[in-house]
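Here is a short report on one model. Look at the structure first, then read on.

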Amino acid sequence: MALSLVVDALSLKKGYRHLINDLSFFVAPGECVALTGANGVGKTTLLRTLAGFIRPDGGRARYVDGVDPEESVAAQAHYLGHAEALSPGRLAGAELDFQRAFLGGTAAGQAEAIRRLNLSPLLELETRMLSAGQKRRLSCARLIMARRPVWLLDEPMSPLDTEHRAKLAELMQSHLSEGGLIVCAVHDPLPFEVRELRLMAPAMETVYG
Amino acid sequence: MTPSSSLALLRRDLGLSLARGGGPVLAAGFFLTLMAMVPLSLGPEAQTLSKIAPGLTWLCLALASLLSLERLFERDYEDGVFDLLRTGPLALEWVAFLKCLAQWLGTGLILSLMTPVVMILLGAPVGVAGWALVAALIGSFSFALIGGAGASLTLGSRKGGVLIALLVLPFYVPPVIFGAGLMQAFVTGAPVSQALSLLCAYGLFALALGPIAMGAALRSALN
């Protein structure tokens with residue numbers, strides 16, 4: 001299923017401060033949008049809104065499939081945030097098993113994720129023993145284990161080493177070539193063609209009430 | 001897809017509560033210690049103890065059920081696991097219910113099994129065991145759900161433990177009254193059906209409203 005993302009006049013506030021004012025954009029299947037902008041400008045908040053975690057203060061974000069562009073469908077999104085969603089006391093392998101079963105992935109997908117992200121040396125370790133980059137690789141496994149058309153990634157590259165940055169970029173490209181869409185907050189440019197969406201602070205507007 | 005997701009979550013949460021000690025061992029130890037202090041503080045006369053045993057056991061059951069509430073959602077909240085859970089196929093209400101169920105299986109169930117034993121040790125008649133177990137099972141299940149609602153409301157506030165206790169304890173009053181009342185009715189030979197129905201009614205109330213309350217509270221805490 002190929003989904004497009006339609007964002008209509010979206011406004012987001014954090015406390016009394018406007019983060020995003022009247023933002024509209026469209027992401028087609030097979031397209032990657034790189035969100036850039038200064039720290040604190042609202043990249044994470046926007047991604048969490050696209051994931052459906054936050055209700056926007058105005059406008060809306062919806063996913064439509066090719067059949068009827070007016071009818072919104074439930075977002076089928078993976079959200080990878082700063083927190084890695086791993087419980088410190090559990091084995092990495094047990095976390096993968098849980099994530100696969102919970103998200104409805106396949107055993108073949110899990111094997112593929114382990115192979116492509118080079119996870120097999122980590123499986124027997126407790127997740128609190130892993131480095132930041134290793135944890136991120138473990139988190140990325142769910143992108144492969146359970147296929148979903150929408151990937152919402154928050155600075156996915158930052159803790160990874162050069163080798164695994166290239167691997168993740170490869171995964172993202174193959175996702176795009178299969179008709180998936182990606183919205184990705186980044187600071188460093190991605191090594192493939194993306195559309196950049198630069199968020200600017202709306203002049204520090206403050207609203208009271 | 002949904003049953004297997006639910007089962008996966010239940011198994012994970014149960015594993016978490018059992019694996020890291022804490023939960024069941026702590027609650028059971030607390031329960032036993034509290035009960036061991038009763039004869040020390042009230043004197044060892046069998047007459048007094050057997051009279052107050054059912055009521056006191058219920059009070060201690062309620063207090064022991066409070067213990068692990070703070071960790072019910074807090075851990076997954078801090079680790080960011082809720083971001084994963086919210087992109088899954090299950091509604092947040094159902095996720096919260098499953099977490100409470102896992103909590104109850106890991107802690108409340110064990111406390112319930114201990115309840116008749118402790119009650120009899122304090123001098124309640126042996127015949128009371130059956131009803132004590134049934135009442136404790138229903139009571140601890142309502143404790144888990146109501147406690148879950150309290151835990152979800154305090155999510156994100158540092159050191160929410162005492163706050164949870166303050167929020168939740170008033171709602172623990174009805175099951176304590178009905179549960180202890182059931183025991184009293186049994187001991188005095190009155191029909192138990194009235195107290196039992198009220199206890200069941202409260203359990204159903206917790207079952208119906210608990211998940212909705214938890215879902216709403218989690219949604220506002222997790223934005």
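Which hand, left or right, does the crossing of helix 4 of chain B and helix 7 of chain B have? The crossing is right-handed. A crossing is right-handed if the near helix is turned clockwise from the far one by less than a right angle, and left-handed if anticlockwise.

This is a predicted model, in which local features need pLDDT of at least 70, side-chain atom pairs count only at pLDDT 80 or more, and totals for chains, interfaces and linings use all residues. Residues are numbered from 1 along each chain as its sequence is written, while chains are lettered from A and ligands numbered from 1 in the order in which they are written.

**Confidence.** The model scores ipTM 0.87 and pTM 0.90. Chain B has a mean pLDDT of 88 (the predictor's confidence in each residue, from 0 to 100). In chain B, 98% of residues reach 70 or more.

Helices are DSSP runs (H or I, at least four residues), numbered from the N terminus. Axes are lines fitted to C-alpha atoms over the stretch in contact, and angles run from 0 to 180 degrees between N-to-C directions.

| Pair in chain B | Angle | Axis distance |
|---|---|---|
| Helix 4 (residues 70-79) and helix 7 (residues 129-153) | about 40 degrees | 8 Å |
| Helix 6 (residues 92-121) and helix 9 (residues 193-221) | roughly 115 degrees | within 8 Å |

Helix 4 and helix 7 of chain B are therefore oblique to each other. Helix 6 and helix 9 of chain B are therefore roughly perpendicular. Angles under 35 degrees count as roughly parallel, over 145 as roughly antiparallel, 65 to 115 as roughly perpendicular and the rest as oblique. Helix 6 of chain B passes helix 9 of chain B in a right-handed crossing. Residues making that contact include B:Phe97 of helix 6 and B:Gly210 of helix 9. Two residues are in contact if their C-beta atoms, placed from the backbone, lie within 7 Å.

**Record.** The unreviewed UniProt entry annotates "transmembrane region" over residues 21-40, 94-122, 128-150, 162-183 and 195-218 of chain B. Such annotations may be inferred rather than shown by experiment. In the model, residues 128-150 of chain B are 96% helix, with end C-alpha atoms 32 Å apart. Residues 195-218 of chain B are 100% helix, and their end C-alpha atoms lie 33 Å apart.

Conventions. Helix = DSSP H or I, 4+ residues; strand = E, 2+ residues; numbered from the N terminus.
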